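Have the model open while you read.

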Amino acid sequence: MIFSTPPADPATAAAHFGARLSVETDVSDVHAALEAGTPGLVVVDSRGVAAWQQGHLPGALHLPTAEIAARAAELVPAGTMVVTYCWGPGCNGATRAALEFARLGRPVKEMIGGFEYWVREGLPVVTATGTVRRRVDELTAVRATVACDC
């Protein structure tokens with residue numbers, strides 16, 4: 001065999017990938033949900049104040065991870081679907097934030113890629129000077145569309 005570890009049997013693989021998709025989403029899906037005005041969705045930026053001020057997703061709620069346990073009940077209505085994000089794939093802040101919401105009994109997903117991939121895919125970012133978009137990084141998205149057709 002060409003792999004040092006053989007692939008899992010199909011049932012194990014299906015369970016694994018299904019479980020991942022139940023707790024993760026990507027920037028394209030979050031963008032589409034925000035654009036559609038999906039009811040009952042709150043996108044939470046779990047970064048600190050300086051990062052939030054540098055730029056954040058339109059419509060996001062700023063709730064740093066350390067404040068979730070104390071403030072989630074007042075800011076996020078019960079039963080609301082929460083999507084957390086932090087800087088990017090090199091940071092597990094969104095994972096920690098998602099864990100906090102899960103511990104509070106909230107339905108939650110982590111946005112894989114985080115703020116970094118949101119920006120790299122050319123999606124809108126709110127800054128102190130208004131909403132901006134950067135040029136699409138062709139290593140992360142097709143220049144003409146947000147969707148990768150995958």
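Let's start with His62, which counts as buried because its relative accessibility is 17%, below the 20% cut-off for that class. Keep in mind that this is a predicted model, so treat the numbers as values computed from it.

Where does His62 sit? You'll find His62 in strand β3, which covers residues 61-62.

What does the side chain of His62 reach? The backbone oxygen of Arg47 is 2.8 Å away from that side chain. The backbone oxygen of Gly48 also comes up, at 3.4 Å from a polar atom of the His62 side chain. If you set aside neighbours within four places in sequence, the residues in contact with His62 are Asp45, Arg47, Gly48, Val49 and Trp52. So Arg47 and Gly48 turn up again in that list, which counts heavy atoms within 4.5 Å as contact.

Now for the cysteines. How many disulfides are there? The count is zero. Cys86 is in no disulfide, and its nearest cysteine sulfur belongs to Cys91, 3.4 Å away. Seen from the other end, Cys91 is in no disulfide either, with the sulfur of Cys86 as the nearest one at 3.4 Å.

| Residue | Relative accessibility | Class |
|---|---|---|
| His62 | 17% | buried |
| Cys86 | 8% | buried |
| Cys91 | 26% | partly exposed |

Methods. Residues are numbered from 1 along each chain as its sequence is written. This is a predicted model: local features need pLDDT of at least 70, side-chain atom pairs count only at pLDDT 80 or more; totals for chains, interfaces and linings use all residues. Side-chain values use heavy atoms; hydrogens and water are left out. Helices (H or I, at least four residues) and strands (E, at least two) are DSSP runs, numbered from the N terminus. Buried means under 20% relative accessible area, exposed over 50%, partly exposed in between (1.4 Å probe, protein chains only). A polar contact is a pair of N or O atoms within 3.5 Å; within protein, one must be able to donate a hydrogen and the other to accept it, and residues adjacent in sequence count only if both atoms are side-chain atoms. A disulfide is a pair of cysteine sulfur atoms within 2.5 Å.
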